[in-house]
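Walk through this structure one contact at a time.

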Amino acid sequence: MLSRFGPNFSFLPLHQISELRGKLEEMFDDAYSRVTDWTTVRYPYIDVVDTGNEVIVYAEIPGCKKEDLKINVVEGNLVLSGERKPVEVPSDVSFLKNERPSGTFSRTFNLPEHIDTEKISAKYDNGVLEIHLPKREEVRPKHIEVNVQ
Amino acid sequence: MTAEMLKKGGTTAARRERRLRELEKEGRFIRPLVDIVETKDNYLIYVDMPGVKKEDITIQLEAEDLVLNGVVSRDYWKEGKLLCNECFYTRYHRDFVVGYDIDRSKIQAEFNNGVLTIKLQKQEEAKPREIQIN
């Protein structure tokens, strides 16, 4: 039998509030996915850790190819740029949701003087780019023991 | 509530609320961004989950909900002084209502470079077909 409310209809106000919560979350996700110019948005998100001997930058860039990522040192700045390609699908299929950003992105960080730019290294694993910025020998923390006589 | 709904663990919304309440106890989580594509035979879900290891992802099918969880180990937070912290979350969580038109025994998933791809095959009866007029 055809019914206006479908088989699972029930009047449960609390559940409807919870459904509203889900809808609101979706609304914000949609707003996020409508951003078309990623150069004005902070992307990718990063964590920076100072371990003493080096500074490590962790940038979350899922689904990139290694060769599409670029790290440059320009006039004392570290420039991280790259391109995220959209999902490759045949043209006749439909997107039910398209939230993941694609396109080119770039972020620039000011490098402190005490970073040895010759020895910067990076690796890309599980969608996280890890940039190691070693400090110059003379600024690394030293442990000097003084014998008290 | 009908007996059938009780057997399934309440409505979709009730199950979702219960899951969220449990998750909120365990720390901050975000809803990962997704692309969902429908083709003739499948639904494909692409999920951005950077920083997760393959073994820390769980995909569960509960009644008609596909529940996705991922845990990120942020061990490096303790390795030194945190100068910048934009990746504040340690968990990914998202659920999808998949309905009963998919073949529940044929769900495949793969994880590559921080992107999880879930392939849901449609049931034979649910695939689009053309009906000839005699």
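Asp95(B) counts as buried, because its relative accessibility is 10% and the cut-off for buried is under 20%. The model is predicted. What does the side chain of Asp95(B) meet in a salt bridge? The partner is Arg19(B), at 2.8 Å from N to O. Arg19(B) lies in helix H2 of chain B, while Asp95(B) lies in strand E7 (residues 91-97) of chain B.

Is Arg19(B) buried or exposed? Arg19(B) counts as buried, at 11% relative accessibility. Arg19(B) also forms a salt bridge with Glu62(B). Here the closest N and O atoms are 3.0 Å apart. This pair links distant parts of the chain as well: Arg19(B) sits in helix H2 (residues 12-24), and Glu62(B) sits in strand E4 (residues 52-62) of chain B. They are 43 residues apart. Glu62(B) counts as partly exposed, because its relative accessibility is 30%.

Now widen the view around Asp95(B). Salt bridges with shared partners join Arg15(B), Arg16(B), Arg18(B), Arg19(B), Glu62(B), Asp65(B) and Asp95(B) into one network. Over all chains, the structure holds 21 salt bridges.

Another salt bridge is in chain A. The side chains of Lys85(A) and Asp68(A) meet at 3.2 Å, N to O. Lys85(A) is in the loop between strand E4 (77-84) and strand E5 (94-98) of chain A. Asp68(A) is in the loop between strand E2 (54-60) and strand E3 (69-74) of chain A. The pair links distant parts of the chain, 17 residues apart. Lys85(A) counts as partly exposed, at 42% relative accessibility.

Return to chain B for its strands. Strand E3 (residues 42-48) of chain B is mostly covered, with seven of its seven residues buried. In a regular strand, side chains alternate between the two faces of the sheet. Which residues point which way from E3(B)? Asn42(B), Leu44(B), Tyr46(B) and Asp48(B) point one way. Tyr43(B), Ile45(B) and Val47(B) point the other way. All of them are buried.

E3(B) has pairing partners to follow. Strand E2 (residues 34-38) of chain B pairs with E3(B) in the antiparallel sense, over five bridges. Within that pairing, Val37(B) has Leu44(B) as its bridge partner. E2(B) and E3(B) form a hairpin, with three residues between them. Strand E9 (residues 115-122) of chain B also pairs with E3(B) in the antiparallel sense, over seven bridges. There, Val47(B) has Leu116(B) as its bridge partner.

Next, look at where the chains meet. The size of an interface is often given as the accessible area lost when the parts come together. Chain A and chain B bury about 3,800 Å² between them, with 53% of it on carbon and sulfur atoms. The contact takes 44 residues from chain A and 45 residues from chain B. Six salt bridges are counted between the two chains. Arg107(A) forms a salt bridge with Glu86(B), with the closest N and O atoms 2.9 Å apart.

Leu20(A), Leu24(A), Met27(A) and Phe28(A) make a nonpolar surface patch of about 440 Å². Leu24(A) is found in helix H1 (residues 13-33) of chain A. Leu24(A) is partly exposed, with a relative accessible area of 41%.

Key:
Residues are numbered from 1 along each chain as its sequence is written. Chains are lettered from A and ligands numbered from 1 in the order in which they are written. This is a predicted model: local features need pLDDT of at least 70, side-chain atom pairs count only at pLDDT 80 or more; totals for chains, interfaces and linings use all residues. Side-chain values use heavy atoms; hydrogens and water are left out. Patches are made of residues with over 30% relative accessible area and no salt bridge: like charges are joined within 9 Å, nonpolar side chains (Val, Leu, Ile, Met, Phe, Trp, Tyr) within 5 Å. Accessible areas come from the Shrake-Rupley method with a 1.4 Å probe; for residues, only the protein chains shown count as cover. A salt bridge is a side-chain nitrogen of Lys or Arg within 4 Å of a carboxyl oxygen of Asp or Glu. Helices (H or I, at least four residues) and strands (E, at least two) are DSSP runs, numbered from the N terminus. Buried means under 20% relative accessible area, exposed over 50%, partly exposed in between (1.4 Å probe, protein chains only). Two strands pair if DSSP finds at least two bridges between them. Contact means heavy atoms within 4.5 Å. Buried area is the accessible area (1.4 Å probe) that two parts lose on being put together, summed over both.
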